Amino acid sequence: MPKGADEGEDQLRRVTVAMVALALLGIPLWGFLRSWTAALVFAVGALASLAFWVLHRVLTARMLTPMVRWRWIYGFLSLSKLALIALVLRGMMSRYPAEALPLATGILLFVAGSLLEALRLMVQKPE
């Protein structure tokens, strides 16, 4: 396996670990600083974000097939990632309208994990 593929997989794994760590840190913080309802809503957003990330990894990897038909199918299935976020947002906002900030923070964990990995790469010394 080429060295670049291993490094790319390591980066994806580090983003996932960062997301899980931020979620585990955020749940008690929202609970103590705001309310346990906010912590619950943040946890639902974080789980949706992790599901989004897992779907992204799986579907993107499968889109790299040489068969064009399968690329289209997996490309169309990648819209399910957006549908997942939309369903979570709609359901949670109808149930807990006052908890928009914790929900948005939880959903944006995949962005935070990616930014942490980018910062790590920025300060890493070249080999």
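Student: Let's start with Ser 49. Which helix is it in?
Tutor: Ser 49 sits in helix H2, which covers residues 36-62. Keep in mind that the model is predicted.

Student: Is Ser 49 buried or exposed?
Tutor: Ser 49 is buried, because its relative accessible area is 0%, and the cut-off for buried is under 20%.

Student: What does the side chain of Ser 49 reach?
Tutor: The side chain reaches the backbone oxygen of Ile 107, at 3.2 Å.

Student: And which residues is Ser 49 in contact with, leaving aside neighbours within four places in sequence?
Tutor: Those are Met 19, Gly 106, Ile 107, Leu 109 and Phe 110. Two of these names come back in helix H5 (residues 100-107), where Gly 106 and Ile 107 are among the buried residues.

Student: Which other residues of H5 are buried?
Tutor: Pro 102 and Leu 103 are buried too. Looking down the axis of H5, the buried residues fall within an arc of 130°, so they line one face of the helix.

Student: Back to H2. At what angle do H2 and H6 pack?
Tutor: The angle is about 65°, and the axes are 8 Å apart. Helix H6 covers residues 109-123.

Student: Which residues meet there, between H2 and H6?
Tutor: From H2 there are Phe 42, Ala 46, Ser 49, Phe 52 and Trp 53, and they meet Leu 109, Phe 110 and Ser 114 of H6. By class, this contact has six nonpolar residues, two polar and no charged.

Student: New topic: where is Ser 80?
Tutor: Ser 80 belongs to helix H4, residues 79-95. This serine is partly exposed, with a relative accessible area of 32%.

Student: What does Ser 80 touch, not counting residues up to four places away in sequence?
Tutor: Ser 80 touches Leu 55 and Leu 59. Ser 80 and Leu 55 are 25 residues apart in sequence, while their C-alpha atoms are 8.4 Å apart in space.

Student: How do the axes of H3 and H4 cross?
Tutor: They cross at roughly 10° and come within 4 Å, with H3 being residues 68-77. That makes H3 roughly parallel to H4, because angles under 35 degrees count as roughly parallel.

Student: Which residues of H3 and H4 meet?
Tutor: Gly 75, Phe 76 and Leu 77 in H3 meet Leu 79, Ser 80 and Lys 81 in H4. Sorted by class, the contact of H3 with H4 has three nonpolar, two polar and one charged residues.

Definitions and conventions: Residues numbered from 1 in each chain as written. Predicted model: local features only at pLDDT ≥ 70, side-chain atom pairs only at ≥ 80, totals over all residues. Heavy atoms only, no water. Helix = DSSP H or I, 4+ residues; strand = E, 2+ residues; numbered from the N terminus. Buried < 20%, exposed > 50% of the residue type's maximum accessible area, 1.4 Å probe, protein only. Contact = heavy atoms within 4.5 Å. Polar contact = N/O pair within 3.5 Å; in protein donor to acceptor, adjacent residues only side chain to side chain. Axes fitted to C-alpha atoms, helices over the stretch in contact; angles between N-to-C directions. Parallel < 35°, antiparallel > 145°, perpendicular 65-115°, else oblique. Nonpolar A, V, L, I, M, F, W, Y, C, P; charged D, E, K, R; others polar. Arc of directions from axis to C-beta.
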